[in-house]
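Here are a few friendly notes to read alongside the structure. Please have the two chains in view as you go through the points.

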Amino acid sequence: MDILSCMDYFERSYQTLSKAIGLLSPLYNNLSIPLKPNFYYDLLAETIDTKQILKIKILCTECKAPSGAYVVTLRSCGGYDKKKELKKDFDARSCDRLFVQSPEFFYLIPSCEISSKRAITLSQFTHCKLIPG
Amino acid sequence: MTAEVKIKICFNNGTIKKFELSQYEFKKFLDALDLVDTESFILNGITFNPKEIESIWSQVYPILVKYED
């Protein structure tokens, strides 16, 4: 697999965000996007019945584990502080849902079901697959 | 005709509040955020400090499109 350039990465992130808005619009009320990029989550959505506001983080992956299942990295890497690269493990309390795009399916995973801090295998979350309406 | 801007503000303490602002109120809000020395301002009757704001979110407005063959 080719290494994505910085612009390719941003372009792909925007495409995934756009797909998330399209897929989640029928499921939630009042989707909101940030005026400035947010580190912890990318979309706010209001549940139709309880009006609860959910924080949704959006990720995409094309990486496969040796088992053949798609793997998505949860760990955030970016920026430097005193010549040391900043890396942050995933904190399940930082968002309520994880929207993941793989080449095959879309997933909406409750973050409370995620115990890993660095990466998850999507084959564990087949019950969270989103079926486009 | 008056247009409303629907925003949500996430605060540092984790709370999220919804606001429906007129275009004038939204402009005043952005101006207040722009000023370094703004200590507090009132939005829909709620007083807060810009430093308490973690992020500001704008509602996505879905557009219904009718497809015709």
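1. Chain A and chain B bury about 1,300 Å² between them, with 65% of it on carbon and sulfur atoms; buried area is the accessible area (1.4 Å probe) that two parts lose on being put together, summed over both. A:Leu35, A:Leu44 and A:Ile53 supply 33% of what chain A buries against chain B, more than any other three residues.

2. This is a predicted model, where local features need pLDDT of at least 70, side-chain atom pairs count only at pLDDT 80 or more, and totals for chains, interfaces and linings use all residues. Residues are numbered from 1 along each chain as its sequence is written, chains are lettered from A in the order in which they are written, and side-chain values use heavy atoms, leaving out hydrogens and water.

3. On confidence, the model scores ipTM 0.74 and pTM 0.82. Chain B averages a pLDDT (the predictor's confidence in each residue, from 0 to 100) of 81.

4. The contact (heavy atoms within 4.5 Å) takes 15 residues from chain A and twelve residues from chain B.

5. How many salt bridges (a side-chain nitrogen of Lys or Arg within 4 Å of a carboxyl oxygen of Asp or Glu) are counted between chain A and chain B? The count is one: A:Glu46 joins B:Lys18, with the closest N and O atoms 2.9 Å apart. On the side of chain A that touches chain B, S1(A) gives the most, with five residues; strands here are DSSP runs (E, at least two residues), numbered from the N terminus.

Methods
Helices (H or I, at least four residues) and strands (E, at least two) are DSSP runs, numbered from the N terminus.
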